[in-house]
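Please report on the model shown here. Cover its helices, its charged pairs and a few single residues.

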Amino acid sequence: MAASTKKLVDALKVVPGRQVDLKKDHDPGSVGQFLSKQDAQEQLVTGIQKLSEQQDKLYAQNTYALLISFQAMDAAGKDSTIKHVMSGVNPQGVQVKSFKVPSAEELDHDYLWRNFLELPNRGHIGIFNRSHYEEVLAVRVHPEFLDRQQLPPRLKGPEIWERRYEEINNFEKYLTDNGIVVLKFFLNVSKEEQKKRFLERIEEPEKNWKFSANDVFERRYWDTYMEAYQEMFSHTSTPWAPWYIIPADHKWFTRIAVVSIINATLEGLGLAYPAVGPEQKEALMKAKEEMEKEGGGQKQPVKGKKGKKN
């Protein structure tokens with residue numbers, strides 16, 4: 001890993017057990033060492049190409065899987081980040097799941113049930129666009145959501161959040177112990193930038209479809225959400241499944257940071273194409289020999305007869 005990339009990765013990682021103060025310690029407008037979008041473009045292109053190569057090895061080796069969870073406030077750029085960062089990979093090896101409000105069937109199960117169903121296969125990259133962390137974010141900000149989950153009353157007390165942090169940590173430890181590497185990104189957009197993007201969605205007709213009145217409703221709970229995020233980071237950034245807080249006021253920097261961290265993580269796995277054994281090599285040589293014996297090369301196209309002149 002290049003020294004500059006390591007410095008970026010380390011700067012954005014939430015140290016396990018550390019108390020997080022988003023307002024004091026994490027600037028949504030930070031762009032690291034880059035001077036401008038143009039200054040960073042070459043690194044982004046290189047990073048996307050490198051991710052394509054790493055994914056090819058991940059798929060061929062077929063021992064690890066990678067699970068990436070994205071969390072953010074609305075308009076932080078989750079969809080566009082996924083679109084750009086994953087633009088160079090083979091779509092057969094990537095699956096994206098956007099978790100919406102739980103369905104009736106999902107509410108008849110424990111809150112992690114639907115996440116288990118969407119875990120990536122070995123050799124694949126799985127992306128959760130919002131995730132099981134909604135259960136300690138949106139549900140904590142809106143405790144009335146717990147009523148839909150049909151929990152026994154004795155399990156709805158204040159200790160539920162500490163219990164869920166522990167359950168999620170255990171869930172992610174189980175995944176990593178079974179070869180599913182876990183990465184978690186929080187796209188940290190400022191309230192001012194979110195407002196700007198919301199207004200763009202209203203004023204530009206081609207973006208109207210992105211806007212929901214509920215987005216403005218949730219803005220009223222901004223401070224409560226930030227407190228919930230801070231608690232979540234402090235309790236669930238672990239050595240086996242760390243959180244990364246990504247500045248998101250400049251989308252180009254968000255994309256560079258995310259692709260750099262993914263590449264650094266995959267590099268750490270020592271991925272390689274499977275070695276070919278003696279028997280398989282022999283079979284390859286026989287196949288090559290057989291094809292080389294076929295005919296005398298390519299057939300020449302048949303020339304059509306010339307028509308008579310009138």
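The report below goes from basis to helices, then to charges and single residues.

## Basis

This is a predicted model, in which local features need pLDDT of at least 70, side-chain atom pairs count only at pLDDT 80 or more, and totals for chains, interfaces and linings use all residues. Residues are numbered from 1 along each chain as its sequence is written, and side-chain values use heavy atoms, with hydrogens and water left out.

## Helix 3

Helix 3 covers residues 37-61. Helices here are DSSP runs of H or I with at least four residues, strands are runs of E with at least two, and both are numbered from the N terminus. The 25 residues of helix 3 should span 36 Å at 1.5 Å a residue, and the end C-alpha atoms are 35 Å apart, which agrees. The expected span is 1.5 Å times one less than the number of residues.

The buried residues of helix 3 include Ala40, Leu44, Gly47, Ile48 and Leu51. Buried means under 20% relative accessible area, exposed over 50%, and partly exposed in between (1.4 Å probe, protein chains only). The buried residues of helix 3 pack against helix 4 (78-85), strand 2 (94-98), strand 3 (125-129) and helix 12. Just after helix 3, Asn62 takes a positive phi of about 60°.

## Ser260 in helix 12

Ser260 sits in helix 12 (residues 251-267). Its relative accessible area is 9%, so Ser260 is buried. A polar atom of the Ser260 side chain lies 2.7 Å from the backbone oxygen of Ile256. Beyond residues up to four places away in sequence, Ser260 touches Thr5, Leu8, Val9 and Gln43. Contact means heavy atoms within 4.5 Å.

## Salt bridges

Side chains of opposite charge can pair when their charged atoms come close. The structure holds 16 salt bridges. Each is a side-chain nitrogen of Lys or Arg within 4 Å of a carboxyl oxygen of Asp or Glu.

Arg164 and Glu135 form one of them, at 2.8 Å from N to O. This pair links distant parts of the chain, 29 residues apart: Arg164 is in helix 8 (residues 160-177), Glu135 in the loop between strand 3 and helix 7 (138-141). Both Arg164 and Glu135 are buried. Glu200 and Lys207 pair with their closest N and O atoms 3.7 Å apart. Glu200 is partly exposed at 25% relative accessibility, and Lys207 is partly exposed at 25%.

## Helix 13 and its surface

Helix 13 spans residues 278-292. Lys286 and Glu282 meet there in a salt bridge of 3.6 Å, N to O. They are four residues apart in helix 13, so about one helical turn separates them. Lys286 is exposed at 52% relative accessibility, whereas Glu282 is partly exposed at 46%. Elsewhere, salt bridges that share partners join Asp74, Arg130 and Glu134 into one network.

Met285 is also found in helix 13. At 51% relative accessibility, Met285 is exposed. Met285 forms a nonpolar surface patch with Val276 and Leu284, with about 270 Å² of accessible area together.

## Met73

Met73 lies in the loop between strand 1 (65-72) and helix 4. Met73 is buried, at 7% relative accessibility. Leaving aside neighbours within four places in sequence, Met73 has contacts that include Lys78, Phe186, Val189, Trp222 and Tyr229. The C-alpha atoms of Met73 and Lys191 are 9.1 Å apart, although 118 residues separate the two in sequence.

How values were computed:
A polar contact is a pair of N or O atoms within 3.5 Å; within protein, one must be able to donate a hydrogen and the other to accept it, and residues adjacent in sequence count only if both atoms are side-chain atoms. Patches are made of residues with over 30% relative accessible area and no salt bridge: like charges are joined within 9 Å, nonpolar side chains (Val, Leu, Ile, Met, Phe, Trp, Tyr) within 5 Å. Accessible areas come from the Shrake-Rupley method with a 1.4 Å probe; for residues, only the protein chains shown count as cover.
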